[in-house]
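This report describes a structure shown as sequence and model.

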Amino acid sequence: MAASSRVAIVGGGIVAASIAYHLARRGVSVLVFESAEVGRATDAGAGIICPWTTAVDDARYRLSAAGAAYYPRLLAQLAEDGRPDPSYARVGTVYVSTSDELLGGLAGRLRSRIPDAPEIGAVEVLAAGQPAGRFPPLDAALGGVWIGGGARVDGRSIRDSLMRAATSHGASLISGTAAVDQAAGRVRGVLAGSDRFTADTVVVAAGAWTGKICECLGSSLPIGPQRGQIVHVELPGADTGHWPVVLAGGIEGTATLAGFDGDHPYLLGFPGGRVVFGATTEDVGFEHAVTVRGLAGLLTGAIALAPGLGQARLLETRVGFRPVTADGSPLLGRLDDGLVVAAGNGPEGLTAGPWMGKLAADLAVGERPDADITAFDPRRATTSAAGG
Ligand SMILES: Cc1cc2nc3c(=O)[nH]c(=O)nc-3n(C[C@H](O)[C@H](O)[C@H](O)COP(=O)(O)OP(=O)(O)OC[C@H]3O[C@@H](n4cnc5c(N)ncnc54)[C@H](O)[C@@H]3O)c2cc1C
């Protein structure tokens, strides 16, 4: 594709911002269309970057692991561009549990992954009480596994840094709902209101809304929203900026909490006494609401895991729609001539999103991406609007 080509991006979350940044940085003409829907996942995301604990070793895991590995390079580039992002910090992760068997298995799995993913850092089994030494509100009876490479990022902050860096490299940001403009089976650009913008390639990176946008092409993409409610509290005076991420598993009592992913609760700190606890996983469509059931589950879970949060002040509950696919695997690739799709990172989009954005940028200019993305082909599970 010629350097003078134009790429239109539909979406305004972390994936779209990363695509815009990578394209604009290499001199491609970029238009970004963003509709500011309520429930943008990037704004609600907790910000945990620690993909290595999963027992699964599939293409999705490898995308997230590559995403975690990519962060330091990306942050160095943003700093070079005068747009450093201060929200990322490699604070480490403590995985806590009451099950020694679970913790032993996890430590073994993490160590076996280090040759392929040295970013995991030091792995250490912590005796009961030691996790609370690192994250003081935690239940002192809990043991854990320390993962030195665990990190956290503020989704809003990194999205804004990427978008600002993209515009400083010449990308144009246009507010409003956009649709794919196509005629006679050919993608021609983007329609926004009554305006028509031509482009050589359109990239749809609109999170949970991606399926709706692509419907006009006559195919139905298997992607939709999964609601997540997440609570922010404040512990005045606490040095929370350095606290590690806390992941939890196999803790009796938390698994039965209503409307809340009690199997995998998590906690993390941000500077200024802020502590975040999440999250619900709910299949309720695009219903943007903080519910009594969701909040009750979250708060009960938070106190069970970290009794020291009892005196914390409630700040806010955020609600976001994770972009989830039917088979759990992201969508990344060409859907049509002139149309690339990049979405579906589910619960790991703040981890994988910037890297997915880099790969989508390569695709948008006709280059072979720097990773095997065969498993993410968006055509793998499309059904035609006619019902095929
Ligand atoms: C509660 C919660 C906790 C999470 N925690 C983590 C975590 O700890 N770690 C992690 O890695 N991930 C986490 N995630 C997942 C992560 O936040 C998402 O996967 C990621 O932010 C998705 O980014 P995205 O850019 O694909 O979509 P979004 O951020 O949802 O952005 C989609 C954008 O598309 C725009 N749009 C929609 N339709 C149109 C249109 N027609 N025209 C123009 N623009 C349009 C919307 O306005 C929106 O700006 C969490 C998510 C939630 C909800």
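Two strands pair if DSSP finds at least two bridges between them. Helices (H or I, at least four residues) and strands (E, at least two) are DSSP runs, numbered from the N terminus.

## Basis

The model is predicted; local features need pLDDT of at least 70, side-chain atom pairs count only at pLDDT 80 or more, and totals for chains, interfaces and linings use all residues. Residues are numbered from 1 along each chain as its sequence is written.

## Strands 15, 16 and 17

Strand 15 (residues 245-248) pairs with strand 16 in the antiparallel sense over two bridges. The bridge partner of L247 in strand 16 is Y266. Strand 16 also pairs with strand 17 (residues 274-278), again antiparallel, over five bridges, and L267 stands opposite F277 of strand 17. Three residues lie between the strands in the hairpin of strand 16 and strand 17, where G272 takes a positive phi near 85°.

A residue is buried if 20 or more other C-beta atoms lie within 10 Å of its own, exposed if 12 or fewer, and partly exposed in between, with C-beta atoms placed from the backbone. Strand 16 (residues 266-270) is mostly covered, five of its five residues being buried. In a regular strand the side chains alternate between the two faces of the sheet. Both faces of strand 16 are covered: Y266, L268 and F270 are buried on one side, L267 and G269 on the other.

## Strand 4

Strand 4 (residues 93-97) is mostly covered, with four of its five residues buried. Strand 4 runs antiparallel to strand 6 (residues 143-147), to which five bridges join it; here V96 stands opposite G144. With strand 15, strand 4 pairs in the parallel sense over four bridges, and V94 stands opposite V246.

## Helix 3

Helix 3 (residues 59-80) has 22 residues and reaches 31 Å from its first C-alpha to its last, close to the 32 Å expected at 1.5 Å a residue. The expected span is 1.5 Å times one less than the number of residues.

At Y70 helix 3 bends by about 35°, and a proline, P72, follows within four residues. The bend is the angle between axes fitted to the seven residues ending at a position and the seven starting there. Buried residues of helix 3 include R60, L63, Y70, Y71 and L78.

## Backbone details

A36 lies in the loop between strand 2 and helix 2 and is exposed, with 9 other C-beta atoms within 10 Å. A184 is in the loop between strand 9 (178-183) and strand 10 (186-192); A184 is exposed too, with 5 other C-beta atoms within 10 Å.

A cis peptide bond, with omega about -10°, joins G278 and A279. A279 is placed in the loop between strand 17 and helix 8 (292-305).

## Ligand shell

Of the 45 residues around the ligand, G13, G45, G207, G228 and G349 come nearest. A residue is near a molecule if its C-beta atom, placed from the backbone, lies within 6 Å of it. Elements giving two or more residues to this shell include helix 1 (14-25), strand 14 (223-234) and helix 9 (349-364). Helix 9 gives the most, with four residues.

By class, the shell has 22 nonpolar, 18 polar and five charged residues. Ala, Val, Leu, Ile, Met, Phe, Trp, Tyr, Cys and Pro count as nonpolar, Asp, Glu, Lys and Arg as charged, and the others, Gly among them, as polar.
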